[in-house]
Amino acid sequence: MGLTIKEISEKYNIPADTLRYYEKVGVIPPVTRTSGGIRDYCESDISWVEHAICMRSAGLSIEFLIEYQKLYNEGDATLQARLDLLKEQREILQVQQEQLERTLNKLNYKISKYETAVKTGKLVWD
């Protein structure tokens with residue numbers, strides 16, 4: 001027996017409505033259901049949820065996830081298309097990472113100047 005939507009929601013700190021939405025729009029494939037129609041998340045369902053959460057936390061769009069899922073459902077004939085899609089997203093994330101690194105470097109520089117100023121009572125910019 002798998003996990004209920006409530007258990008998945010609590011385990012991953014994601015609203016049940018978001019899980020339902022992900023399933024409805026095709027971010028994750030249809031979740032396994034009990035004979036009574038209740039969602040019963042099995043290992044593969046959970047894996048898709050984890051994938052969606054990871055990708056979304058990295059800033060990937062719902063549209064990307066829908067497209068990826070669509071290609072996945074079409075089978076091995078889409079392997080190259082999926083690879084290309086993932087590489088494209090990786091490039092976007094790498095640019096964002098570089099931007100964040102530049103911002104962090106600037107903040108670290110300013111922080112070090114202010115820490116020195118707090119100690120010496122004087123702010124000096126080089």
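Guide: The buried residues of helix H5 pack against helix H4 (62-73); helices here are DSSP runs of H or I with at least four residues, numbered from the N terminus. This is a predicted model, in which local features need pLDDT of at least 70, side-chain atom pairs count only at pLDDT 80 or more, and totals for chains, interfaces and linings use all residues. Residues are numbered from 1 along each chain as its sequence is written, and side-chain values use heavy atoms, with hydrogens and water left out.

H5 covers residues 79-120, 42 residues in total, and reaches 60 Å from its first C-alpha to its last. That is close to the expected 62 Å, taken as 1.5 Å times one less than the number of residues. Buried in H5 are Arg82, Leu85, Gln89, Lys113 and Ala117, where buried means under 20% relative accessible area with a 1.4 Å probe, protein chains only.

The axes of H4 and H5 come within 9 Å and cross at roughly 160 degrees; axes are lines fitted to C-alpha atoms over the stretch in contact, and angles run from 0 to 180 degrees between N-to-C directions. H4 is therefore roughly antiparallel to H5, a term for angles over 145 degrees. On the H4 side the contact is made by Phe64, Glu67, Tyr68, Leu71 and Tyr72, and on the H5 side by Ala81, Arg82, Leu85, Leu86 and Gln89, with contact meaning heavy atoms within 4.5 Å.

After H5 comes Gly121, whose phi is positive, near 80 degrees.

Technical notes. Helix = DSSP H or I, 4+ residues; strand = E, 2+ residues; numbered from the N terminus. Buried < 20%, exposed > 50% of the residue type's maximum accessible area, 1.4 Å probe, protein only. Parallel < 35°, antiparallel > 145°, perpendicular 65-115°, else oblique.
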